[in-house]
Structures are given as C-alpha cells and as structure tokens.
Amino acid sequence: MRTVFKLFSALAVALGLSGQAVAQEALEVTDIRYQGWAGQVIWIELAEHLGYLAPLKAKWLGNTISGPQDIQAVVTGDVDFGGAFNGAVVKLLAKKAPIKAVLGYYGVDDNTYTGYYVKSDSPIKTARDLIGKKVAVNTLGAHHEFMVREYLERNKVSDAEAKQVTLVVTPPVSGEQALRQNQVEVTTLGGILRDKALERGGIRPLFTDQDLFGSFTAGSIVLHNKFLAQNPKASKHLVSALARSIEWARKTPAPEVRATFEKIIKTRGRAESADAIQYWKSTGVPSIGGVIQDKELQVWIDWLVKDELLKPGQVKAADLYTNAFNPYAGGAKVAAQ
C-alpha cells in the first residue's frame, strides 16, 4: 500500500513539474526586446530582477534618447514595447499608429516632478516674462514642451505671443549649465539634475508640472497591435510583470528600492554610473499598478483639438488604451511580493 502511495506521489510531482513546464512554454515568445535609459532602472529590468518576468527574458537593445523615439521604435517593430509622455502617445495614436497604451509607467507627485527654473536674480517672474526668451527642453513634442505651453495658456499668453517663446532642445545633463552660462533663460530640471542644481544654489523655480496638474500619471507604455494579437498570453504576462514591479516600488520603502536599483545597475555591466539612483524618491505613479484612466489621455486630446490637429470627437480616450492585461484593473488586489 505504501509502495502504491509513493508511486502515486511521485507521479503527481512529475505531473506538477510537467504542468509548470507546459505553462512556461505556453507563452508565444521567449524574449522581450526593449530600450533602456543610461543610469536608470526601468520596470522590465526590475521585473526580471524580482522574478516577475520569468519565463520571459528581457533583451536590452541599447538606450533610448527620448520617449517619442522609444514608442516610434515600437511602431517600426525594432522593439516590443516602449514608453513616452501621454501627449506624445496621443499624438502618435491620432496618426493611426498601430499601437495601444497598456500601462501608466511614470508620473508626478510630491517627490517626483519636473520644474522650470531661472536664475535667482532673473527678472522672469510670470508667464508673460517668457515672451522673447529661450527655454531648454529635452525634446520637442513631449512632456517638457507641453508643460511650457500649458503654463502659457493658463496665464492668458496668446498664441502669437507664445510663438515668441523659443524652445531649445538641450540634453537634460546640460540643462543646468545652459542656464548658468546664459545660453537659455529657463531650463527644465527633474530628479537628480534638479536636486543637484538646487544644492548648488543660485536658481529658483518659475513653475512645476505639479503646480499645473497636481499628482498625475504622465506617461504610458505601449505595445504594437500586432504583438498584442499574436501574443496575447505573453502580452498579459509582460504587462502583469511590469504592473507588479510598479506596485512593488510604490509600496517598498525608498531606501530599499534605491538599493535594489543600484544592485541592478552595477550587475548589468553597461559601464554606467549608479549615482543618480540615490536621488530616487518615488515612482510618481498615483494609480495602483499603473492602471490607465481616460482623463490621463483626454487632456492631451483636448490640446490637439485646440491646436486643430484633431477634430472634436475624432479621437476618444477609451479607444487609445486598454487595461485588459493589467491584473490591478477593476481594483483587483495582486500580491506584489
């Protein structure tokens, strides 16, 4: 009788292991191609480190230069997913790009925000003072530009006057220097670049994106429609892994998150510095697991309508994204550990 029981137990274990193998093999792809950011840890890298991504493997193809470039690479099929500011996502989707937003991945809160800074002795104190001035931004058509335009709009600066504000594309690492050397009158700073510049002194904020919108999800991760259609199981697994990583970082004490990020950077061997990680404070994502809401895209649809790049009612926010792959959608509780 004991022999039969042992044989049955062994068979059950074998079947269990086999079932696990089949479950792993069930995903339509094995690798997820992506672009990273120098000196930063993005969610797929954290997901892999925490074990959420397996059996999928993250395949790094290099670093991106901006959000718009990253999601354009998804359109061309060079990578499997990418992320950008929601204004850039809406703009691309409005052009019928075959992509879908599936997850909110960065945002603004009390600890994580972008500011627009001037020298302490600058005469610039209001939006109207920007007329005829130069403002450093990381790229055109993305987060930094939209915030400048929103600031001008809210302060009754006319379109004709706003055109006299020159946006100067400047690498973020050079933004502070450009301001201090009078190459621009205003520079855009966030994260470590903002905090280090403030430590050195001599600058003050004109406004911040949080001043304009409060806490909000600012950017979305997108997948190609073809990838979603051909790889539904892998898509769900990928989005779930990313969402769980965001939630882990939202709930884990910042010192532990920073230590984890530093470990990832030091072990991935890209000859880069992990110095920026010490300034990491929060994800900035207010929604649980990065669940997307209509309003996060609608505000930028309204902008495009106002710019006459879209007709009223031409694009609906709900058509641009899906939460179907996110395990936190509908208020579901998912273990992040």
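Gly115 stands opposite Thr208 of strand S9 in a predicted model, in which local features require a pLDDT of at least 70 and side-chain atom pairs count only at pLDDT 80 or more, while totals for chains, interfaces and linings use all residues. Residues are numbered from 1 along each chain as its sequence is written, and side-chain values use heavy atoms, with hydrogens and water left out. Helices (H or I, at least four residues) and strands (E, at least two) are DSSP runs numbered from the N terminus.

Strands S5 and S9 pair in the antiparallel sense over five bridges, where two strands pair if DSSP finds at least two bridges between them. These strands belong to an open sheet of five strands, ordered S7-S6-S8-S5-S9, with mixed pairing. Strand S7 (166-169) and S9 stand at the edges with a single partner strand each, so one side of each is left without a neighbour in the sheet. On average, and with direction ignored, neighbouring strands of this sheet are turned by 35° against each other.

Helix H5 packs on the sheet and touches S5, strand S6 (134-137), S7, S8 and S9; contact means heavy atoms within 4.5 Å. The direction of H5 makes about 70° with that of S5; axes are lines fitted to C-alpha atoms, for helices over the stretch in contact, and angles run from 0 to 180 degrees between N-to-C directions. Helix H8 also packs on the sheet, touching S5, S8 and S9, and its direction makes about 115° with that of S8.

Within H8 (residues 191-200), the buried residues are Ile192, Arg194, Asp195 and Ala197. Just after H8, Gly201 adopts a positive phi of about 80°.

A helix pair was examined next. Helix H2 (residues 43-50) packs against helix H11 (residues 232-251) at an angle of about 90°, the axes being 8 Å apart. H2 is therefore roughly perpendicular to H11, under a scheme in which angles under 35 degrees count as roughly parallel, over 145 as roughly antiparallel, 65 to 115 as roughly perpendicular and the rest as oblique. From H2, Trp43, Ile44, Leu46, Ala47 and Leu50 meet residues of H11 that include Leu238, Ala241, Leu242, Ser245 and Trp248.

Lys156, in the loop between helix H5 (143-154) and helix H6 (159-162), has a phi of about 60° and counts as exposed at 70% relative accessibility. Ala271, in the loop between helix H12 (254-267) and helix H13 (294-306), has a phi of about 55° and is likewise exposed, at 84% relative accessibility.

Ser287 lies in the loop between H12 and H13 and is buried, with a relative accessible area of 9%. A polar atom of the Ser287 side chain lies 3.0 Å from the backbone oxygen of Val291. With residues up to four places away in sequence not counted, Ser287 touches Thr217, Arg250 and Gln293.

How values were computed. Buried < 20%, exposed > 50% of the residue type's maximum accessible area, 1.4 Å probe, protein only. Polar contact = N/O pair within 3.5 Å; in protein donor to acceptor, adjacent residues only side chain to side chain.
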